[in-house]
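Me: I am new to this structure. Please take one part of it and look at it closely, then show me what lies around it.

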Amino acid sequence: MKITEIRTYLMHAGAPNLRKWAADGSFGTQSFSKNLTGTRNWLFVKIFTDEGITGIGECSGWPRVIETAVKDLSRLLVGEDPTHIERLWQKMHIGMMGHGLTGTVGAGAINGIDMALWDIKGKALGVPVWNLLGGKVRDRIRIYAHANTPEVALSLKERGITAFKMGGVSNPVRKFGQLREAVGDEMDIAIDLHGPPWLTPADAVQVCRELEQFRPMWVEDPVSPDNLEGFRRIRQHSSVPLAAGERQAMIFGERELIEDELVDVIQPDTGRAGGITQMKKIAAMAEAHHIMMAPHSGSLGPVAEYAALHILAAIPNGLILERIEDDWEGREKTIVPHPKQTDGFIPVPDAPGLGCDIDEEFVAQFPSEANVSVPVTEASGSYQPGTFNEHVYVQTRLRRGVYFPKS
Ligand SMILES: [Mg+2]
């Protein structure tokens with residue numbers, strides 16, 4: 001079998017249902033909603049072969065830029081046997097080394113191609129991708145959704161969902177306490193302290209220590225992903241489980257978080273970590289350190305979600321999968337078939353390969369225009385110094401009397 005062509009499909013994905021997803025004073029504004037629409041592009045890759053088998057994959061990490069990178073990389077792949085996945089992965093990695101170390105953009109380009117190669121191999125052999133990865137550890141994958149208010153959290157609970165994540169850019173301790181009180185002790189709650197602005201390590205330590213009482217599933221990105229020393233400092237001063245890794249790529253990017261045991265949960269993004277090939281290796285590195293994997297998929301499309309289901313089915317240290325449960329309605333129309341959760345779990349697909357394909361005609365209806373944005377503008381009236389809604393990278397959160405309330 002030989003690769004004959006690689007095509008890309010770039011689309012402008014609509015915004016999630018913010019009211020249901022994350023109704024929250026800190027970013028529940030119309031202006032943010034408009035900007036969020038601009039921040040989500042989905043890039044799918046399809047590989048064609050001379051035997052009529054095709055494979056589908058997805059790339060994240062700046063999809064509009066990656067689309068060009070995939071076209072460049074395709075020159076290295078046409079004519080190759082698609083079943084030699086590791087060899088082709090190495091060829092792509094070496095092929096872009098002249099541009100410097102491979103960050104998430106380069107890894108994102110490799111990612112979609114690699115995913116499509118696994119899809120082809122599964123179809124050629126008549127087995128699901130999880131079978132190529134060693135077989136199933138589990139038959140269904142637990143998911144977590146998102147909620148920032150007791151109302152939204154309770155609606156998730158009513159739908160059988162057993163875990164969710166809240167945003168922590170404003171009043172994180174008080175909000176976590178309210179959510180814990182609303183849903184009780186049975187639901188797992190994670191909190192993402194993501195920036196920018198990122199917390200200083202000193203403030204992050206204080207937040208983490210105050211959150212311990214509510215027994216979070218994890219505290220995510222308490223400091224900037226650049227600041228591994230900050231993670232070390234938090235480790236020394238708090239027992240709270242830590243999670244990170246969505247902005248790093250490949251085993252080389254995740255290595256220090258894992259080997260120095262700076263996190264309890266590693267969160268590679270299924271669209272930009274370097275493909276299924278890298279996700280499997282990252283999982284094995286993490287397993288050796290008793291670290292669990294919970295793939296990031298906050299802005300990802302549905303093909304990457306399929307890949308995550310196969311990976312989590314096959315790795316022993318798979319913890320849970322992120323899912324925007326109340327996403328843009330076009331998500332379901334982008335893919336066939338659309339995976340559904342029941343009682344907080346998605347069944348592992350059983351069809352050969354990944355078991356899905358995109359609806360090319362539907363995707364073509366949503367052309368991409370741009371893919372950079374900041375949360376809000378000063379002119380919108382939503383500009384809030386010292387919060388998520390200010391355009392600086394590192395900053396002590398202001399209004400500290402509110403951010404760190406006495407009770
Ligand atoms: Mg995050």
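Reply: Strand S4 and strand S11 (residues 321-322) run parallel and are joined by two bridges. Within that pairing, Ile143 has Leu321 of S11 as its bridge partner. This is a predicted model, in which local features need pLDDT of at least 70, side-chain atom pairs count only at pLDDT 80 or more, and totals for chains, interfaces and linings use all residues. Residues are numbered from 1 along each chain as its sequence is written. Helices (H or I, at least four residues) and strands (E, at least two) are DSSP runs, numbered from the N terminus. Two strands pair if DSSP finds at least two bridges between them.

S4 has other partners. Strand S5 (residues 163-167) runs parallel to S4, joined by two bridges. Strand S13 (residues 345-347) runs antiparallel to S4, and three bridges join them. Here the partner of Arg140 is Pro347.

Is S4 enclosed or open? Six of the seven residues of S4 (residues 140-146) are buried, so the strand is largely enclosed by the rest of the structure. Buried means that 20 or more other C-beta atoms, placed from the backbone, lie within 10 Å of the residue's own; exposed means 12 or fewer, and partly exposed is in between.

Now step back to the domains. The assignment gives domain 1 (3-127) and domain 2 (132-353). Such bounds come from an automatic or database domain assignment. The C-alpha centres of the two domains lie 21 Å apart. Across the boundary, 42 residues of domain 1 are in contact with 32 residues of domain 2. Contact means that the C-beta atoms of two residues, placed from the backbone, lie within 7 Å.

Which elements supply the domain 1 side? Helix H1 (18-22), strand S2 (41-49), strand S3 (54-59), helix H4 (85-95) and helix H5 (104-125) each give at least two residues. H5 gives the most, with 13 residues. By class, this side has 18 nonpolar, 15 polar and nine charged residues. Ala, Val, Leu, Ile, Met, Phe, Trp, Tyr, Cys and Pro count as nonpolar; Asp, Glu, Lys and Arg count as charged; the others, Gly among them, are polar.

S2 and S3 also belong to a sheet. This open sheet of three strands has the order S1-S2-S3, with antiparallel pairing. Its edge strands are strand S1 (3-12) and S3, each pairing on one side only. From one strand to the next, the twist averages 20 degrees. Nine bridges link S1 and S2 in the antiparallel sense. Leu10 stands opposite Leu43 in S2. Helix H3 (residues 63-77) packs on the sheet and touches S1, S2 and S3, with its direction at about 180 degrees to that of S1. H5 packs on the sheet too, touching S1, S2 and S3, with its direction at about 150 degrees to that of S3. Axes are lines fitted to C-alpha atoms, for helices over the stretch in contact, and angles run from 0 to 180 degrees between N-to-C directions.

The axes of helix H9 (residues 201-211) and helix H10 (residues 228-237) come within 9 Å and cross at roughly 35 degrees. H9 contributes Pro201, Ala204, Val205, Cys208 and Arg209 to the contact, while H10 contributes Gly230, Arg233, Ile234 and His237. By class, the contact of H9 with H10 has five nonpolar, two polar and two charged residues.
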